[in-house]
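Hello,

Here is the structure I promised to pass on to you. Have a look at it first, and then read on for a short tour of what turned up.

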Amino acid sequence: MTTSLTPAAGTTPSPTENDAVAAFRATVVNKLLYYVGKDIAHARDRDWFVATALATRDQVTGHWMESTRRTYREGGKRVYYFSLEFLIGRLLFDALGNLGLTETARMALAQLGVDLDHLRTLEPDPGLGNGGLGRLAACFMESMATLGIPAYGYGIRYDHGIFRQVLKDGWQIELPEDWLSAGFPWEFERPEVAYSIGFGGHVDFTEKADGTSQAVWHPAESVKAVAYDTPIAGWRGRHVNTLRLWSARATDTIDLADFNRGDHVGALADRVRLEAISRVLYPSDETPAGTELRLRQEIFFASASLQDLLRRHKRQYGELTSLPDHVAIQLNDTHPVIGVPELMRLLMDEHGLAWDAAWQITRSVFNYTNHTLLPEALEKWSVSLMESLLPRHMQIIYMINAEHLDALRARGDSDVRQLATVSLIEENGSRSVRMGNLAFLAAHKVNGVSALHTNLMRQTVFKDFNALYPEKITNKTNGITFRRWLYQANPALTRLITDAIGPAFLDDQERLADLAPFADDAAFRERFAAVRRANKVALGRMIGAQLGVRVDPDALFDVHIKRIHEYKRQLLNILETIALYNAMRARPHDTWTPRVRILAGKAAAGYHTAKLIIKLANDVARIVNRDPVIHDRLKVAFLPNYNVSLAESIIPAADLSEQISTAGMEASGTGNMKLALNGALTIGTLDGANIEIMEHVGAENIFIFGLLAEEAAEKRRVGIDSATTIAGSPALKQVLDELEQGVFSPDDRARYRGLVNGLRTHDHFLVCADFDSYHGMQYEVGKQWRDPQQWWRKAVLNTAHMAWFSSDRTISEYATEIWDAPPQAR
């Protein structure tokens with residue numbers, strides 16, 4: 001039994017609610033005493049958090065065990081979601097909210113003199129992801145549980161995950177993320193669930209009784225993958241799924257001979273090297289050792305996950321030929337694609353299946369989600385590295401490729417260029433394995449993540465494959481879980497919506513459309529704006545505490561939060577900020593819309609241009625924020641260490657959502673959905689899911705600018721020298737001249753000359769080409785902000801028309817159209 005999301009204001013708890021509060025209080029005290037080892041008088045804040053998390057975990061675990069028993073009893077298809085990232089965020093309010101226990105826990109802790117909202121701030125964000133890829137995986141896991149789809153998420157339990165970002169004199173500094181330093185109370189260690197993962201060595205062939213040959217791989221070394229399980233509860237606790245993460249453990253933890261000879265460090269060297277696999281997410285691949293470590297990570301979690309699901313299936317069904325009837329594997333990007341030859345190896349070498357049977361199973365169970373059209377994100381591994389580290393897998397890839405190309409030639413496809421394009425091996429220069437091609441060939445279905453992205457996949461990176469297999473590509477536009485990104489992140493707005501249209505939308509998000517008529521209700525718009533202002537006050541306090549910058553909550557909060565990358569065009573935002581600053585200084589007595597430009601995001605450790613863009617943002621902030629001429633009309637704030645929890649603070653306070661990627665380069669985006677759901681208006685290009693957002697909220701309720709995808713491609717084709725464009729834009733010319741002259745970097749006047757030269761001569765991401773259009777649209781944004789009745793009408797309509805962007809809808813489409821595992825009503 002679950003309680004409501006929030007009790008009605010002013011009501012007295014019922015006897016049943018009082019019993020629930022007393023029971024939860026007793027469980028927390030029990031956990032504090034017997035698991036944390038503290039009594040009430042001496043417990044500190046962290047002790048109370050752990051006790052509360054464990055008490056909540058107990059509630060989740062009961063539902064989890066019943067869900068597992070039901071899955072075995074019903075014998076339905078399981079979905080296995082393979083992802084190198086799971087950006088799950090803090091779990092306390094996620095679990096309490098989905099089980100309907102938030103107010104029960106709040107009252108129980110209050111009786112103990114403990115503030116639940118304070119405990120929430122003590123929970124570290126698990127460092128298991130970097131950006132949209134990992135957050136999407138987390139939303140999907142929660143939606144699969146909500147829809148009753150039996151599923152496992154498989155990934156790596158990184159000791160440090162993505163780095164912790166700090167800013168030193170405006171430069172990004174990467175420090176280890178220590179999210180596990182005080183333990184993780186949500187997980188269950190499974191030391192009995194461990195698998196051996198091999199590397200290197202050689203392959204022998206022996207003759208079997210039937211005269212066929214049997215490959216025997218003799219790895220040079222191996223590491224154990226040990227399972228850690230975290231239960232993921234769906235809405236109302238009707239179903240709970242498992243996130244299983246693998247930790248690397250050396251088989252031999254210490255070389256005692258070396259240790260006893262006095263080489264105390266060397267005695268641990270092999271352990272440190274092998275266990276590095278699960279130390280850090282995305283180790284830098286600028287060195288050969290870093291590149292090899294990335295490949296080790298991918299085969300490590302893919303192999304452990306496949307061994308695990310094969311063990312589970314064989315234990316339940318006794319054989320493996322029925323695997324496609326009971327298993328669907330979704331590969332989240334190319335990182336897990338090494339699982340294709342690994343499954344073939346396991347089926348043939350470990351379980352004795354013939355090649356044809358193994359290949360039929362493999363092609364039936366795998367599905368592949370493509371997330372990008374950028375060439376560098378479609379992984380390639382050098383053949384020499386593959387042959388050295390994974391010799392048996394390379395043999396299998398050669399065989400798959402040979403059969404693939406022979407089959408094409410046999411059916412009359414003999415075009416040399418096309419065969420070279422669809423080959424799994426790239427022969428230009430140093431030979432490499434194309435993991436995107438392998439994923440496409442092996443997958444039952446290949447999906448893009450927005451309508452535009454899927455169409456561009458068909459026209460660009462998989463053009464030749466699509467011609468050969470025209471039914472394989474399908475679209476599944478991304479979505480977000482409303483439970484976290486509205487109900488938890490913005491409880492005040494959730495209460496306001498509930499007061500207006502009732503609670504039905506909490507379970508049926510399509511009912512959110514009932515809010516649309518309230519866009520014309522002046523009193524409701526006023527309450528909507530008041531909720532936003534309160535969220536902006538809270539964010540303003542955070543900005544002041546972290547950066548020492550005072551911001552006006554009545555200013556337009558203009559938000560650009562995402563991974564720092566040139567195609568996401570934070571640089572365009574910063575250039576326009578300088579142009580606005582210049583205009584304000586030149587015409588201080590004009591009517592200006594007060595703005596706070598808020599940016600956050602991490603740059604990959606080896607991505608030097610992205611790190612320079614972060615430095616530029618902070619250099620601009622330093623000068624703008626101290627200028628007495630413009631006073632409070634413009635502020636710039638770059639908040640460090642962007643993660644899920646920071647997003648939960650920023651998104652409810654955002655007035656304007658920056659979605660300004662180069663058209664044709666953003667696969668979908670999900671930040672755009674989170675911000676629009678909370679009523680922020682979008683300024684963006686017609687890229688990714690922006691197009692579908694515009695179709696749902698209405699073109700009049702979004703600010704669209706810039707080149708279309710086809711126009712961007714054509715402009716790149718004819719040349720990307722920006723000299724003419726810059727000459728025709730006085731505002732842009734002034735900004736670039738100032739950067740070259742060191743106006744914003746007086747300590748190093750040459751700092752941004754290379755960046756500006758790139759824009760002048762090789763503007764691949766079309767920053768200059770879109771500048772004037774963006775600058776003009778930002779002027780229009782400022783003008784509309786000064787008409788609050790119309791602005792808040794648009795904001796309400798954005799929230800009302802976002803139901804389609806629920807990850808429940810996305811997962812329902814995956815389940816029925818790709819996995820053949822339809823949602824189960826509970």
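Cys139 is buried, because its relative accessible area is 1%, under the 20% limit. Cys768 also counts as buried, with a relative accessibility of 2%. Please keep in mind that this is a predicted model. Searching the whole structure turns up zero disulfides.

Nine strands form an open sheet with mixed pairing, in the order 5-8-9-2-1-10-11-15-16. Its edges are strand 5 (188–199) and strand 16 (473–475), each of which pairs on one side only. From one strand to the next, the twist averages 25 degrees. Within this order you can follow strand 2 (residues 151–156) and strand 9 (residues 240–250), which run parallel and are joined by five bridges. To find your way there, look for Gly153, which stands opposite Leu243 in strand 9.

Which helix gives the most to the lining of the second largest pocket? That is helix 21, with nine residues. By type, the lining divides into ten nonpolar, six polar and five charged residues.

Enjoy exploring, and write back with any questions.

Best wishes

Conventions:
Residues numbered from 1 in each chain as written. Predicted model: local features only at pLDDT ≥ 70, side-chain atom pairs only at ≥ 80, totals over all residues. Heavy atoms only, no water. Disulfide = S-S within 2.5 Å. Buried < 20%, exposed > 50% of the residue type's maximum accessible area, 1.4 Å probe, protein only. Helix = DSSP H or I, 4+ residues; strand = E, 2+ residues; numbered from the N terminus. Nonpolar A, V, L, I, M, F, W, Y, C, P; charged D, E, K, R; others polar. Pairing = 2+ DSSP bridges. Axes fitted to C-alpha atoms, helices over the stretch in contact; angles between N-to-C directions.
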